[in-house]
Amino acid sequence: RTDKLRQRQQQQANDDDKQQQHGPHGPHGGGGMIPPWIKDRGVFRGHDFTQRIRDRLPFGNKKRLDHLSAIQRENRGKGVSMRSPEEVLKALDLQRFGIKTPVTQGTSDTEKKADLEILEQAESKRHPYMTLLTNPGTMSDVSCVKNNYRMHEVSFRHLQADDVASTVEHGGVDADGRHSLFSYDNNVRMWYCYLVEIDGDALQSMEHGAFKVNLTLYDVDLEVAQDYVEIYINSQLVDVISGLGRNWYTPSEAETRPQFVYYLDDAYVQSNGYAMEVCMKIVTDASITRGGFRSTLSVTLDDPSVTKWSEWSECATLTVKDSRGNKNSRHWNGKCGVGVRSKAVLECQADAAAEAEADATNGGGVMGAPATQCVVGESITEYCVVAPCFDFPLEVDPAHPEKAFLFNGHGRIDPDFADPYLIQRSTQDSFNLSLIMDELESVRQQIVARYPDERALATAVINHYYMDQSRLRLGIRLARSLLLGDAFTVYTTGSSNTAGHENQFMSTWPMQFQSIMRPIWKRLGYKGAAFVVKNHA
């Protein structure tokens, strides 16, 4: 029995050698078009071959990945494992990749170089936050809101016969380009996205001005929890709308008419660039439909000559309170760390508003954008930093002088950006691999240096039989995030140590991990790269 096993192993080794040299069809078949990065590994089975192509794909476009996934499914199972690479390549629809002519054995190196330049040109135009490139679901191309009103409406409801007749055959978009109509059916999984881009010169011409982006949902009536709309801003989920609105059952106007308002001002541009992506992901289940919803997206000019805002309020943290459920007193007093501030509209200049409206009507104003409707009392609230905690002095709690110091996160790494939940993405058009490796090694040494012994970190990871594979997979995901421009997300859970009881949220070890890694991803990664930590403890 042992001899037979050895014979089979030797025969398999010989077959593998022949495959690496000639492919499954002998010395004259299946080798002419095989790239070196596949040929060197001796990968010739159809499914493995397409997996290699999929892994090698330089741009994370979901439409292209779906196409390759379909080809993988066709090459999986009995009867197809011996299909040659040429047969697999013939099934590739290169027009999906921006290539107009198929690549064959007769394609010259010059033509291949031109094809690569086409792909690189398409990638250079990609906005770093494009949800359409990274999320699943039925998707259409992003189209600009080109009407003079800078406004677009989406209706999601049951379609009647006259509704169908009044819409364009593909996509359900009205002829005037201002209204899109979609049918509220079962088993819907659809994205609708806007990419708002502003002219840097236009923004700089206004002192303290901004563009106001407002996505508002009306008449929300969806099956509770089973049918819903997810709202994404710059590829980040910010809210889920279902039932009658934001809180699903609450009938108040603020809940049934949820608004998502953002201002593209100098501060936004400095952190995110001259664009914002606004997406709705619409999902329904297999049964029960209701009234649907309407939404409008508007882009207006917040003219400083019309709208008079107050100054920002003083940045303030929560008032420290010890509840009966706490085992110990909190070891912070709110004098440093992340807080909130706000400002509000104090006055609306009627004469200036009328003049701005007339300019917009006549095609003037800033980029022809209409002025924002000024509303006294409208407010904006944002995160801010009261003071850095890293070197904040230790204090004795006057109410409990016999207890430990109020250390206020002393010695921690303060966040690079006040909002701990906002995904900070890179906007870099290139990357330096050597610099990335040097920086990561440097930060690794800095983390280790904070502990008396590196084993305090290393022994916390359980070693198992597949540890090498786990490390390889983790490394690939890290590299993909940095080099292809995607978010790397760390999810944590645990007990009071992870939750940081009696401590500040930003001082917990998961958020400290984010404070260390987030600026590196934003500074060194390819556009869209981000490092995110979510503390669920």
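This is a predicted model: local features need pLDDT of at least 70, side-chain atom pairs count only at pLDDT 80 or more; totals for chains, interfaces and linings use all residues.
Student: OK, how many helices and strands does the protein chain have?
Tutor: The protein chain has 16 helices and 14 strands, where helices (H or I, at least four residues) and strands (E, at least two) are DSSP runs numbered from the N terminus.

Student: And what percentage of the residues is buried?
Tutor: Of the 537 residues in the protein chain, 40% are buried; buried means under 20% relative accessible area, exposed means over 50%, and partly exposed lies in between, with a 1.4 Å probe and protein chains only.

Student: Which strand pairs with β9 over 10 bridges?
Tutor: That is β4 (residues 210-221), which pairs with β9 in the antiparallel sense, and two strands count as paired if DSSP finds at least two bridges between them. Within this pairing, Leu217 has Ser295 of β9 as its bridge partner. Strand β1 (residues 151-157) is also antiparallel to β9, joined by six bridges, and there Val154 stands opposite Ser295.

Student: Is β9 enclosed or open, and why?
Tutor: Strand β9 (residues 292-302) is largely enclosed by the rest of the structure, because 10 of its 11 residues are buried.

Student: Which residues have the most contacts inside the largest nonpolar core?
Tutor: They are Leu217, Ile231, Met280 and Phe293, in a core of 34 residues. A nonpolar core is a set of buried Ala, Val, Leu, Ile, Met, Phe, Trp, Tyr and Cys residues joined through side-chain atoms within 4.5 Å. The elements that give two or more residues to this core include β1, β4, β8 (275-283) and β9, and the largest share, five residues, comes from β4.

Student: What does Met280 touch, then?
Tutor: Leaving aside neighbours within four places in sequence, Met280 is in contact with residues including Val154, Trp191, Leu217, Ile231, Phe293 and Ser295, where contact means heavy atoms within 4.5 Å.

Student: Changing topic, why does the length of α14 make sense for a helix?
Tutor: At 1.5 Å a residue, the 18 residues of α14 (residues 467-484) should span 26 Å, and the end C-alpha atoms are 25 Å apart, which agrees; the expected span is 1.5 Å times one less than the number of residues.

Student: Which residues of α14 are buried?
Tutor: Met467, Ser481 and Leu482 are the buried residues of α14. Seen down the helix axis, they fall within an arc of 90 degrees, so they line one face of α14; the arc is that of the directions from the helix axis to the C-beta atoms. Asp468, Leu472, Arg473 and Ile476 are exposed on the other side of α14.

Student: What covers the buried residues of α14?
Tutor: The cover includes α12 (433-449), β13 (487-492), α16 (509-524) and β14 (530-535).

Student: And which residues of α12 are buried?
Tutor: In α12 the buried residues are Ile436, Val443 and Val448. Their arc around the axis is only 140 degrees, which puts them on the same side of α12, whereas Asp438, Gln446 and Ala449 are exposed on the other side. The buried residues of α12 are covered by elements including α14 and α16.

Conventions:
Residues are numbered from 1 along each chain as its sequence is written. Side-chain values use heavy atoms; hydrogens and water are left out.
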